[in-house]
Amino acid sequence: MKMTPPIVVMGVSGSGKSTVGAALAQRLRVPFADADDFHPPANIDKMTAGQPLDDDDRHPWLEAIGGWLADRCTSGGVMSCSALKRKYRRQLRRHCPEVEFLHLSGTPEVIGRRQASRPGHFMPASLLVSQFETLEPLDDDERGVSVDVDQSIDSIVEAYLASTVGGTDTA
């Protein structure tokens with residue numbers, strides 16, 4: 001079986017990164033981690049207060065995520081992480097150049113509906129606008145694909161696997 005490179009399931013808050021990431025990891029039989037678990041308490045406090053994180057807040061968080069990816073650069077793994085800007089994705093690739101991205105894309109209306117169904121999450125719906133303003137879609141030179149989130153989890157996973165940059169073998 002061909003080795004699966006680490007995959008970052010990316011997108012704005014509420015796009016389904018954790019759910020899709022866990023399903024993809026299970027399908028590929030590799031470890032899964034949620035980037036939310038890598039945030040220091042100060043970041044969570046800031047987001048809970050409705051304040052978007054800035055690049056200084058994100059840098060050590062992305063370094064921790066990059067470390068997790070580096071540890072799985074040859075064995076594979078799936079990480080859910082917003083990775084909204086190209087420079088954040090570059091920071092992750094410095095740890096593991098083989099990393100691939102699955103961008104869960106959707107309209108603000110679709111994502112807003114999804115986000116509204118997650119009561120108690122530390123990221124308030126009020127920050128959704130800033131997430132879309134920050135989002136820089138995958139560039140042609142980035143390894144990855146974009147998949148529309150307005151479909152079932154299984155359909156999203158299948159769409160990704162059918163179009164993977166690395167030609168992942170799931171048999």
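This is a predicted model: local features need pLDDT of at least 70, side-chain atom pairs count only at pLDDT 80 or more; totals for chains, interfaces and linings use all residues.
A residue is called buried here when its relative accessible area is under 20%.

Let me begin with the overall arrangement. The protein chain holds seven helices and five strands. Read from the N terminus, its elements follow the order β-α-β-α-α-β-α-β-α-α-β-α. If we take the contacts between residues at least 6 apart in sequence, 78% of them join residues at least 24 apart. The accessible surface of the chain is about 8,000 Å², and carbon and sulfur atoms account for 51% of that surface.

Two packed helices are described by the angle between their axes and the distance between the axes. For H3 and H4, the angle is about 35° and the axes lie 8 Å apart. Their crossing is right-handed. On the H3 side, the residues making the contact include Leu62, Ile65, Gly66 and Gly67, while H4 contributes Lys87, Tyr88, Gln91, Leu92 and His95. Sorted by class, this contact has six nonpolar, five polar and four charged residues.

Let us now move to helix H7, residues 153-162, where Ile156, Val157, Tyr160 and Leu161 are buried. Seen down the axis of H7, they fall within an arc of 130°, so here too the buried residues line one face of the helix. Asp154 and Ala162, on the other side of H7, are exposed. What do the buried residues of H7 pack against? Their partners are S1, helix H1 (17-28), S4 and strand S5 (144-148).

Ile153 also belongs to H7, and it is partly exposed, at a relative accessible area of 26%. Beyond its neighbours within four places in sequence, Ile153 is in contact with Thr19, Val20 and Ala23. Ile153 and Ala23 are 130 residues apart in sequence, yet their C-alpha atoms are 7.5 Å apart in space.

Ser82 sits in the loop between strand S3 (78-80) and H4. Is Ser82 buried or exposed? Its relative accessible area is 13%, so Ser82 is buried. Apart from neighbours within four places in sequence, Ser82 is in contact with Met10, Gly11, Lys17 and Trp61.

The other two concern backbone geometry. Most residues other than glycine have a negative phi. Ala83, in the loop between S3 and H4, has a positive phi of about 45° although it is not a glycine. Arg29, in the loop between H1 and strand S2 (32-34), has a positive phi near 60°. How exposed or buried are these two residues? Ala83 is buried, with a relative accessible area of 1%, whereas Arg29 counts as exposed at 66% relative accessibility.

Thank you for your attention.

How values were computed:
Residues are numbered from 1 along each chain as its sequence is written. Side-chain values use heavy atoms; hydrogens and water are left out. Helices (H or I, at least four residues) and strands (E, at least two) are DSSP runs, numbered from the N terminus. Contact means heavy atoms within 4.5 Å. Accessible areas come from the Shrake-Rupley method with a 1.4 Å probe; for residues, only the protein chains shown count as cover. Axes are lines fitted to C-alpha atoms, for helices over the stretch in contact, and angles run from 0 to 180 degrees between N-to-C directions. A crossing is left-handed if the near helix is turned anticlockwise from the far one by less than a right angle, and right-handed if clockwise. Ala, Val, Leu, Ile, Met, Phe, Trp, Tyr, Cys and Pro count as nonpolar, Asp, Glu, Lys and Arg as charged, and the others, Gly among them, as polar. Buried means under 20% relative accessible area, exposed over 50%, partly exposed in between (1.4 Å probe, protein chains only). The arc is that of the directions from the helix axis to the C-beta atoms.
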